[in-house]
Amino acid sequence: MKAFKITFLVALFASVFLSSCSYNTMVEKQEAVSSQWGQVQNSYQRRADLIPNLVNTVKGYATHEQQTLTEVVEARAKATQMTVNADDLTEENIQKYQQAQGQLSAALGKLLMVQEQYPDLKANQNFMALQDELAGTENRISVERNKYNTIVQDYNQYIRKFPQTIWSGWFGFDKKGYFEAEASSQTAPTVQF
């Protein structure tokens, strides 16, 4: 009976010790996800900050493009209003966030196409500099989203492995959502000459 008690106490101690190690690792990985989410949001915010300058530059040249300018401003407003807390990074919330950002990207695409109709705008140094800044920001967004997905994959795998799956459920470590390609990217564009 005494050997059973000792074995039970050793097993209990080992279980508590191992669970605390798993818990600490889950906390570290969850914090890495939250930190990287902040970087993603930072990149999107940089893009949102560039848009008013771009709109104002185009506005001076493209007076007939008021609808396009309005669409960009409205899409920017919607995109900046859509926020997702790092504690609530579900697949659904990531998809909503991505959809708002996608609408802004589409509106920006229209705005950048306006330059083809206005040769003076194409030659404007401010417009060209802002366009370069925007292109660089889009690259940063892509890089940060890729990093985010990699960190989320590591976190999700860890909390779903045994024995962490037991502790993660008890302590509320939930699976995080990924950024995914938009549905329109699954279809090749039609090129006509």
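Modeller: Start with a cut-off. A residue counts as buried under 20% relative accessible area, exposed over 50%, and partly exposed in between. Keep in mind that this model is predicted.

Colleague: Which class does Arg46 fall into?

Modeller: Arg46 has a relative accessible area of 29%. Therefore Arg46 is partly exposed.

Colleague: How many salt bridges does the structure hold?

Modeller: There are 5. To read one, look for a side-chain nitrogen of Lys or Arg within 4 Å of a carboxyl oxygen of Asp or Glu. Take Glu133 and Arg46: their side chains meet in a salt bridge, at 2.5 Å from N to O. Glu133 sits in helix H5 and Arg46 in helix H1, so the pair ties together parts 87 residues apart in sequence. Glu133 is partly exposed, at 35% relative accessibility.

Colleague: What does the side chain of Asp154 meet in a salt bridge?

Modeller: The side chain of Lys29, at 2.6 Å from N to O. This pair links distant parts of the chain, with Asp154 in helix H5 and Lys29 in helix H1 (residues 2-61), 125 residues apart.

Colleague: Is Lys29 buried or exposed?

Modeller: Lys29 counts as buried, because its relative accessibility is 18%. Asp154 is partly exposed, at 38%.

Colleague: Where does Lys110 form a salt bridge?

Modeller: With Glu71, where the closest N and O atoms are 2.9 Å apart. Lys110 lies in helix H3 (residues 91-113) and Glu71 in helix H2 (residues 66-81), 39 residues apart. Lys110 is partly exposed at 45%. Glu71 is partly exposed at 25%.

Colleague: Now helix packing. At what angle do H5 and H6 pack?

Modeller: Angles from 65 to 115 degrees count as roughly perpendicular. Helix H5 (residues 125-160) and H6 pack at about 100°, with their axes 6 Å apart. So H5 is roughly perpendicular to H6.

Colleague: Which residues meet there?

Modeller: Tyr158, Ile159 and Arg160 in H5 meet Gln164, Thr165 and Ser168 in H6. Follow Ser168. At 5% relative accessibility, Ser168 is buried. Leaving out residues up to four places away in sequence, Ser168 touches Met26, Ile159 and Phe173.

Colleague: Which residues form the nonpolar patch on the surface?

Modeller: A patch takes residues with over 30% relative accessible area and no salt bridge. Here Tyr23, Phe162, Ile166, Trp170 and Phe171 form it, with about 590 Å² of accessible area together. Helix H6 (residues 164-171) gives the largest share, 3 residues.

Colleague: How accessible is Phe171?

Modeller: Phe171 lies in helix H6. Its relative accessibility is 47%, so Phe171 counts as partly exposed.

How values were computed
Residues are numbered from 1 along each chain as its sequence is written. This is a predicted model: local features need pLDDT of at least 70, side-chain atom pairs count only at pLDDT 80 or more; totals for chains, interfaces and linings use all residues. Side-chain values use heavy atoms; hydrogens and water are left out. Patches are made of residues with over 30% relative accessible area and no salt bridge: like charges are joined within 9 Å, nonpolar side chains (Val, Leu, Ile, Met, Phe, Trp, Tyr) within 5 Å. Accessible areas come from the Shrake-Rupley method with a 1.4 Å probe; for residues, only the protein chains shown count as cover. Helices (H or I, at least four residues) and strands (E, at least two) are DSSP runs, numbered from the N terminus. Buried means under 20% relative accessible area, exposed over 50%, partly exposed in between (1.4 Å probe, protein chains only). Axes are lines fitted to C-alpha atoms, for helices over the stretch in contact, and angles run from 0 to 180 degrees between N-to-C directions. Angles under 35 degrees count as roughly parallel, over 145 as roughly antiparallel, 65 to 115 as roughly perpendicular and the rest as oblique. Contact means heavy atoms within 4.5 Å.
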